[in-house]
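Trainee: I would like to go through this entry with you. Could we look at the chain first?
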Amino acid sequence: MSMFEDIPVDVGVVYEGERIRFKDTQVELGGERAEAKFELVRVKGLDEIEDGKISVIGPDIKDMKEGSTNPFGIYIEVAGKKVEEELEGVIERRIHEYCNFIEGIMHLNQRYDIWLRLSKKSFKKGFNSFHVMGKVLQRLFKSELPFIEKIQITFITDPKKVKKMYDEAIKIYEARDAKARGMKDEEADAFYGCTLCQSFAPTHCCVITPQRYSNCGSISWFDGRASAQVDPKGPVFAIDKGECLDPFKGEYTGVNDVIKEKTMGEINRVCLYTAFENPHTSCGCFEAVAFYIPEVDGLGIVHRGFKDVTVNGLPFSTLADSTAGGRQVEGFHGLSIEYMRSPKLLQVDDGWSRIVWMPATIKERVLDFIPQDMVDKIATENEAKNLDELKAFLQEKNHPVVKRWKAMPVEVAPKAEEAEQAVPSLEVPISGIPISAGGFEIILKDAKIYAKKVVIRKVKK
Ligand code: SF4
């Protein structure tokens, strides 16, 4: 029995976190295989939109091939006397939550990176048109966010139209992000928290500051403020900063208190500007991952859209698995592209001076924010495809991490059956790192491992 009589599938919080495997998928919308995808909310004047209107540009669900992947755009226009442009980002992020309330819909990621699946089961129940989805979204938006007086939704599946609107959407996201730049965390009277991702990562809580954008890259400090004002009891709320315990690490008593409360005591401390000691938690919606590369004592960054393997031979998906779930995994850190533009980016870990590798497309996007003297020292897949190439590149460019290698022991020629790989004799704090072996997962929590060298032996059969 559905929550709405005219809707063929059920709707409710119980469906949040529902995973739909490809073999159970009727149609896939957006995702890695689709060339263009986006979701966008724009605020309009009350007389500019028609409340309740739903349009579909391109093939509807019933016209799509079973098991197909399709370009996809969701364009939502809202109006209301209290609806200001600053709310666009926050209303847009709710698309993720409300889509996931629908039985048989899986919605992942955000903005230009959305990925939806509709299950065969829900399709068979009669969910064969975007009008079904539009009606549910309109009702949820108006009941959950009553300041929205009018809402009109357009679903776009026509490839050319999706691409055209995608290009426009990218410019709008960029303009939104640029707003908070220049403001400092020290100047903010409050920070904002978001727990929207707790359905997927129960111990995750984003702390959104002017200089540390949300992990998903969709909610800025201004967005957080606007949302907390109109919906103070909602998933985006104000955080009283309390006392600043360490301005360099970004540790605040108010943040620690809120994190403890929102994670039910699972996490007690968060330092905002580091990937190592008490880092910010990572949900699963992050736009990119910063990952520690012990072989060069540096950090790599990879974004969700990078299809190849990274310099350490692992793809984004594997690194994301090691990072996600609302955990604090030292050396694996979910972050947004906008945080890369922040002067506080991982400053405890040496910021840009510690970053050694990133995909060329991301480097291009944040180029103006990389210190001039570091630009040529950070490798991309074009300069280094593996660790040997990376080491040679860093040495040639005299990257700051090379100085850290001085502590490395002198390499000894390996014996025939024993290859030795030297690692820096530095203290490398590792905690919460999962190791999978023999069907078990062993999690090292708050462990510190010291090694003068790592010996890798060939196993004799
Ligand atoms: S990543 Fe953070 S800010 Fe974005 S929706 Fe999830 S919890 Fe909220």
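Trainee: How many bridges join strand β15 to β17?
Mentor: Two bridges join β15, residues 298–303, to β17, and these strands run parallel. Strands here are DSSP runs (E, at least two residues), numbered from the N terminus, and two strands pair if DSSP finds at least two bridges between them. Please note that this is a predicted model: local features need pLDDT of at least 70, side-chain atom pairs count only at pLDDT 80 or more, and totals for chains, interfaces and linings use all residues. Residues are numbered from 1 along each chain as its sequence is written.

Trainee: Which residue in β17 is the bridge partner of G300?
Mentor: The partner of G300 is W357.

Trainee: What is the strand order in the sheet?
Mentor: The order is β16-β14-β15-β17, in an open sheet of four strands with mixed pairing. Strands β16 (332–335) and β17 (355–357) each have a single partner strand, so one side of each is left without a neighbour in the sheet.

Trainee: Changing topic, where does E103 lie?
Mentor: E103 is in the loop between α1 (88–100) and β6 (105–108); helices are DSSP runs of H or I, at least four residues.

Trainee: Buried or exposed, that E103?
Mentor: E103 counts as buried because it has 20 C-beta neighbours inside 10 Å. The cut-offs are 20 or more other C-beta atoms within 10 Å for buried, 12 or fewer for exposed, and partly exposed in between, with C-beta atoms placed from the backbone.

Trainee: How far apart are the C-alpha atoms of E103 and V13?
Mentor: They are separated by 9.5 Å, although the two residues are 90 residues apart along the chain.
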